[in-house]
Structures are given as structure tokens and as C-alpha cells.
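Hi,

Here is the structure I promised to pass on.

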Amino acid sequence: MKKLELHWQILIGMLLGILFGFAMTQISWGKEFVNDWIQPLGTIFVKLLKLIAIPLILASLVKGISDLKDISKFRNIGLRTIGIYIVTTVVAITIGLLLVNAMNPGSGISEETVTKLTDTYGNDAGVTSKLEEASRQKDSGPLQFLEDMVPDNALAAMTDNALMLQVIFFTIFLGISMLLIGEEKAKPLKNFFDSLNDVVLKMVDLIMLTAPYAVFALLAGVVVSSSDPELLLALLKYAGVVLLGLALMIVFYSTVVALVTKKNPFWFLKEISPAQLLAFSTSSSAATLPVTMERVEEHIGVHKEVSSFVLPVGATINMDGTSLYQGVAAVFISQALGFDLTFGNQLTIVLTALLASIGSAAVPGAGMVMLVIVLESIGFPADKLAIGLALIFAVDRPLDMCRTVVNVTGDATVSMLVAKSVGKLGDPHVEEWDDHLDEVKGKDS
């Protein structure tokens, strides 16, 4: 019997997890059972992915830069990467604003629903923490994001996945310095990072063997901790607008891939689907990064010198799905609470969401912090910010899962576009976890 492909295994695990989660909500002890005995398996899986994210960035980026030979090629890759990420983010925000203005989901929210949502979530720790974090970011200077990008201790930066930009900065600095000392002197260090890269990619393969079981556990945990179904239904129109916008972004990516790289868009989506499904399950671009890199390099054919820069940078600054959501959420909250938006306000939303996405962490819930900054930029009343967040808090987690899928798909798309533009898009070269198993087996086995 032919073994199911990985994306089908993960999809089956997700569906079974959702069904199991719903079944457990019908049992008095079900939620406690899932939280104590099922969800930890998913949490361990996410920790394993995060565990190898920094070593993978370090090894693959040094290898990619040192393989370039010509430092001007790296400059071309960097400029094209940042430029394309900015364009796709602006497209995402524009799609969100066009949809939310056309469909006007905020007009369907009654005062009774607003009151119920405010009472339920207005003083929630999640809401208040987002307000506090946004206030801290707002008080920082205009060049704070550049200051935050440069570490004062490289080893300390490598201990925190939230400091991924600092790790990228140090790694690029290291890689360029290796080029400048000449190939012969850099060879011992290059050999070390080449070997480390191979080892970490093998770790990705091994971790992915458990992916179907992990997503089962993650989705079961999400279902049993979901909010009041009545509140979710009340926000169905708003959630529908966000989901439609996210779906249109996937169509946009697929169209661009087909036109620019001449690759079949359905093939592209199929090859990247394991990373998309993990992005949905974990709600974290950073946790999904090792899998995204493995799929893009081995299954799509993007050369490492491109993927090793484009994907880690994308996981940190490319938040297309999150930016689209912010545009929709900001206008929806304004509609529901009777705050009139001018055309100038909506242009401000585009600019602020674009800038906020660059400094946003690639972790669950970062989008709501960015949303507070966006709302404050258009003069939204400060005393209603908590109410505004409370309005959308009930559906934030499921929407966060969906927009992370778009973020990851955007990263993969841009890596293909950049690779095509510099002649670094080749044929796939898939490696399995047991490719070298015979080498470590005893001769008599």
C-alpha cells in the first residue's frame, strides 16, 4: 500500500483533532483531559521546531552567503527581497480595505452584542497585555527598529526566537566577513556551517515524522479552548471578510508564481502545503520556518543562497495576512463603534500597517499589538481601544491561524520570485529522513 504524502497525513491529523476536540467538549472532563494529556504533545512539537529555528538560520544563511562568492549578488537579493515584500504587503492591506468597505460588516453588530463582547473580553488579560505592549512600542523612537536589529551580545540574541532579526544581522555580518577574508582562510568555518546545515535539516526531517500526531493535539487543544459559539456567530460576517481577503491573497500569490516563474500554481501550493498546514496549527511563522525552508529548498528548487536570506527575513517582516487583517479589523471596529473614517484615515492605515508589520514578532497574537498601533494612528478614541479589541478577541485565534498561512505562503512566493530574478530557481531535490540510514547500520544487520 502506497504511503500517504505528508500533506495528506497532516490534513487527516488536523481533521481528526478538530473532531476529537468537539467530542471532548461534550464530556464534563473532556477539556481537562485534552489540556493535560493531548495538548502537551503539540506543545512539544512546536518547541522542537523553535529549538532548531535559530541554528537553521545561522547555518543556512552563512552557507548561502559564503556560496555566493560575489558580494554584489547578495546586495541584489537583499534589495529585491525587501522591495517585493513591501509591494505584497501593500497589496494585502489594499485588498482588506476594499473588501471591508464594500461589505460593511460592522453595521451588523448590535449594541447588545457590543456590550456582551465588552463584558466578556474588556478586562481579559490578553486584551490588556496587548494594549500595554502597543503603548511601549508607540513610545519608542522612529529608528528604534534599527536599533533593535543590532545585538550587543550575539549569543544572547540566539537564546530568544523573538530576536530573530538580531540573529539575521549577526549572521549576515559573519557571512560577509567570511567572504572578505578569502576562500582559503574561511574554508574551515564554512565546512563547519555546511555540516551544521545538513544536520539541522535532518532534524527537520525527523521532527516532521511526528507532524500528523502533533497537529491532531494542537487542533484538539484549540477546539476545547474556543470561545462562546454565540459570540463567534455574531462575528461571522467580520470573520468572513477577513477569510475572503486571505483567500484572495492566496489567489494573488498563485497568479504571480504562474506569471513570473512559469510554474504550475497548483503544484506550488501542493509542495508548500505541509508548511501551510503547520502554520495553521501553530499560528507562528517562526515555528514554521524550518519546515518552510525545507519545502522551498528541496521540494520547489529555490537555491539556498536565496532561501536562507529571504525566508528568515520574511518570517520577521513579511506579515501580509496580518496586515490585511489589521486593515479589515480597524475599519470593522470603527464601523461597529460609530467612528467615521476619512479617505486620509484609510491611507494612514495602509502606511501604519506596513511599517508596523516590519517590527512585529512572528509569534501568535502579535497582530493585535499592531492593530492597536494602527487604531491609534487614525485618532481612534483611547478610552474605546479596549472595547475595540474586545469586539474581535473571540475570533482572533482562529483568524490568527488563517493569516499565518498567508504569511508563510507569501514568504515562499517571494523566495521563488527572487530566485527566478537572479537565476537561482532550479529543480527540486527531495531528501528523506532515512537517506543515509544504511551508512550507520551495522554491516551484519
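Lys262 counts as exposed, with a relative accessibility of 66%; here exposed means over 50% relative accessible area, buried under 20% and partly exposed in between, using a 1.4 Å probe and protein chains only. Before I go on, please note that this is a predicted model, in which local features need pLDDT of at least 70, side-chain atom pairs count only at pLDDT 80 or more, and totals for chains, interfaces and linings use all residues. Residues are numbered from 1 along each chain as its sequence is written, and side-chain values use heavy atoms, with hydrogens and water left out.

Lys262 sits in the loop that links helix H12 (236-261) to helix H13 (265-282). Helices here are DSSP runs of H or I with at least four residues, numbered from the N terminus. The phi of Lys262 is positive, near 65 degrees, and this residue is not a glycine. Most residues other than glycine have a negative phi.

Asn104 also has a positive phi, near 50 degrees. Its place is the loop between helix H3 (71-103) and helix H4 (111-121), and at 31% relative accessibility Asn104 is partly exposed.

Now to Met164, which belongs to helix H8 (residues 164-180). Is Met164 buried or exposed? Met164 is buried, its relative accessible area being 2%. Leaving aside residues up to four places away in sequence, Met164 is in contact (heavy atoms within 4.5 Å) with Ile57, Ala286, Leu289, Pro312 and Thr316. Between the C-alpha atoms of Met164 and Met149, which are 15 residues apart along the chain, the distance is 8.7 Å.

Best wishes

Conventions:
Helix = DSSP H or I, 4+ residues; strand = E, 2+ residues; numbered from the N terminus.
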